[in-house]
Number of protein chains: 2
Amino acid sequence: MAVTIRDVARRAHVSVATVSRALTSPELVRPETRTRVLAAATELGYQPNRAARGLITGKTGNIGIVVPDLDNPFFTGVLKAVQARAMQADYAVFVADSDEDPVAEAKLVHAMAKQVDGVVLCAPGLEDSQVYEVAGATSLVLLNRRLPGVPAALMDSAGGMHAVIDHLVALGHHRVAYLNGPRTSWSNQERRRGLMKAVAKHGVDLVDLGPFAPRYEGGLQAADLAVAADTTAIVAYNDIMALGVLARLRDRGISVPGDVSVTGFDDLTYASLCSPALTTVAMPVAQAGRTAVNLLLDWLDSDHTDVPQIVAETQLIVRGTTTPPKR
Amino acid sequence: MAVTIRDVARRAHVSVATVSRALTSPELVRPETRTRVLAAATELGYQPNRAARGLITGKTGNIGIVVPDLDNPFFTGVLKAVQARAMQADYAVFVADSDEDPVAEAKLVHAMAKQVDGVVLCAPGLEDSQVYEVAGATSLVLLNRRLPGVPAALMDSAGGMHAVIDHLVALGHHRVAYLNGPRTSWSNQERRRGLMKAVAKHGVDLVDLGPFAPRYEGGLQAADLAVAADTTAIVAYNDIMALGVLARLRDRGISVPGDVSVTGFDDLTYASLCSPALTTVAMPVAQAGRTAVNLLLDWLDSDHTDVPQIVAETQLIVRGTTTPPKR
DNA sequence: TTGAAAGCGCTAACAC
DNA sequence: GTGTTAGCGCTTTCAA
């Protein structure tokens, strides 16, 4: 068995209470005692049992994150930042992958609830009411989704999408296809909102396609529909779909950007490695991940009068898949 | 506060002990009692507190996984499978990212040790002695690394690299550059082992370059060196480096595969989306991830006489970046 | 088959 | 400033 607080107490010739205090509230013990306890703890290699501590304090020192797909670099980008920031704050992190299934998303939060102080939730597919329901089980911070009363780390997708249309219009495009991600996804709604606003402003002719699975395969499928609609530019819901579109167009001998311009969204690392490199919108995932953890930690000892929702800026990255149309 | 075992006991008109038994050792209670308890538990939405249970059983119901880089799809591929398999077995999973730092890798395992029943360790940079040292802290399964006495989920990288050379030789290449990953990495050693064997067998002229950082930037840097060495084929340690090589060659106006053939390793999804698509070796990451969890779970209730090390097969994927050399 | 009670490792009153 | 003690939610003897 591992070394317990009792072993340390014995070794330092004090009571277990003093050891506990020396470790968690140093100001409550005499400096010399504290030193002695700390020395004993170090010699023994003592590590407090967090589960036992949690049982009594009600805090676990853990946070959770649930994401729809760990194969999607967008979410692992968030995850990486979340885990880094959490570790810095001395929290450990549980991950769960819902496999894009809303039912699983809710279930996973509930399952985690007992073991964490709060969770960062990336659940684009969950209904609002469901989100409120799971919010009852544990403290929640939403990532990339805004809901009244729930803290959130957001990214300005609408603004990014507006910039995409501004860019295409500037190049001379008038007829544009938008490849929808999942209809109910907050992310898709936001992107579409920015799109519609820009489209209306510029009087662009919009062909609204989909919804498609926000995956490579979805792009493969969407490409043919977009081509049939005879547009000069294809705006994909995200990079992965755009990559699928690019692959399909290449297979069909349709040149990008010669015959058609294509844009993605997210700025995944690998999207810049295609030839031509993808024009896309950079999402500040790392920043949002860090922010989410900060919000969560703040939320845990706040009176909840103020519900922070922080928006990080997106940025259009113009690369090789967009040029003026031929006709 | 959440609903406890006491609430259930009260509701079912039994003692807490009976509730506990009904939930964990059904055969010890009368069927009717059991039914009554289960009903009460369901009505109340009771979920046992795992921390409290762990305190007494010594098992946490959690496993950990530590990886060098959550931005690397290779590791998130493993992670996804690990988490899926763990959830299936009713385990929750902790993740930690060491940021490629061996010191952090060891520290993270120690930090996790108290909260998990075991950990899946992806630590290419850790020294053997360090691995044994952390193995003292908790049950370990190594991923993609073989060490006597420690269970491991392996992939036949050496075989995959041998197949790469066989392929290049068959195309007519005689002078090949190998771009090393980190020298001390087990993975690089394995790949190099397969390479050396094949090179010796075929009498290929090998230019051994590096080590380089196993990242996109490493490939950027390596490309120029490989070109200067005047080889007809470049074998990269992994796909990410190969992607860097491709980008750099494109920038320099060197055609692939016209002027030089390039191969990667790992078969990341996005490696198939470059133009031309990358010839590479598929690593069975999902399979290895699942296997790792299975091994860990088995290990937990085994007598440790048998140390399983399971090797999954790799597969050469020939795509567009390899052709016969011009000269 | 069930209940009473001890106790896992720890923190938080409450005494001193 | 420090020790004693109760008890967090649960499982597991030990009796009945």
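Colleague: Which residues come nearest to DNA strand C?

Modeller: Of the 26 residues around DNA strand C, the nearest are A:I5, A:R53, B:T18, B:T33 and B:I56, where a residue is near a strand if one of its heavy atoms lies within 4 Å of it. This is a predicted model, in which local features need pLDDT of at least 70 and side-chain atom pairs count only at pLDDT 80 or more, while totals for chains, interfaces and linings use all residues. Residues are numbered from 1 along each chain as its sequence is written, chains are lettered from A and ligands numbered from 1 in the order in which they are written, and side-chain values use heavy atoms, with hydrogens and water left out.

Colleague: And how is that surface made up, nonpolar, polar or charged?

Modeller: The residues near DNA strand C divide into 14 nonpolar, eight polar and four charged, with Ala, Val, Leu, Ile, Met, Phe, Trp, Tyr, Cys and Pro counted as nonpolar, Asp, Glu, Lys and Arg as charged, and the others, Gly among them, as polar.

Colleague: Which helix gives the most?

Modeller: α4(A) does, with five residues; helices (H or I, at least four residues) and strands (E, at least two) are DSSP runs, numbered from the N terminus. At least two residues each come from α2 (16–24) and α4 (50–57) of chain A and from α2 (16–24) and α4 (50–57) of chain B.

Colleague: Changing topic, where is B:R85 found?

Modeller: B:R85 is found in helix α5 (residues 73–88) of chain B, and, leaving aside neighbours within four places in sequence, B:R85 is in contact (heavy atoms within 4.5 Å) with B:R290, B:V293 and B:N294. The C-alpha atoms of B:R85 and B:A292 are 9.4 Å apart, although the two residues are 207 apart in sequence.

Colleague: One last thing, in what order do the strands of the open sheet in chain A run?

Modeller: The four strands follow the order β7-β6-β8-β9, with parallel pairing, and two strands pair if DSSP finds at least two bridges between them. The edge strands are β7 (205–209) and β9 (261–263) of chain A.

Colleague: How many bridges join β6 to β7?

Modeller: Five bridges join β6 (residues 175–179) of chain A to β7(A), and within that pairing A:L179 has A:L209 as bridge partner.
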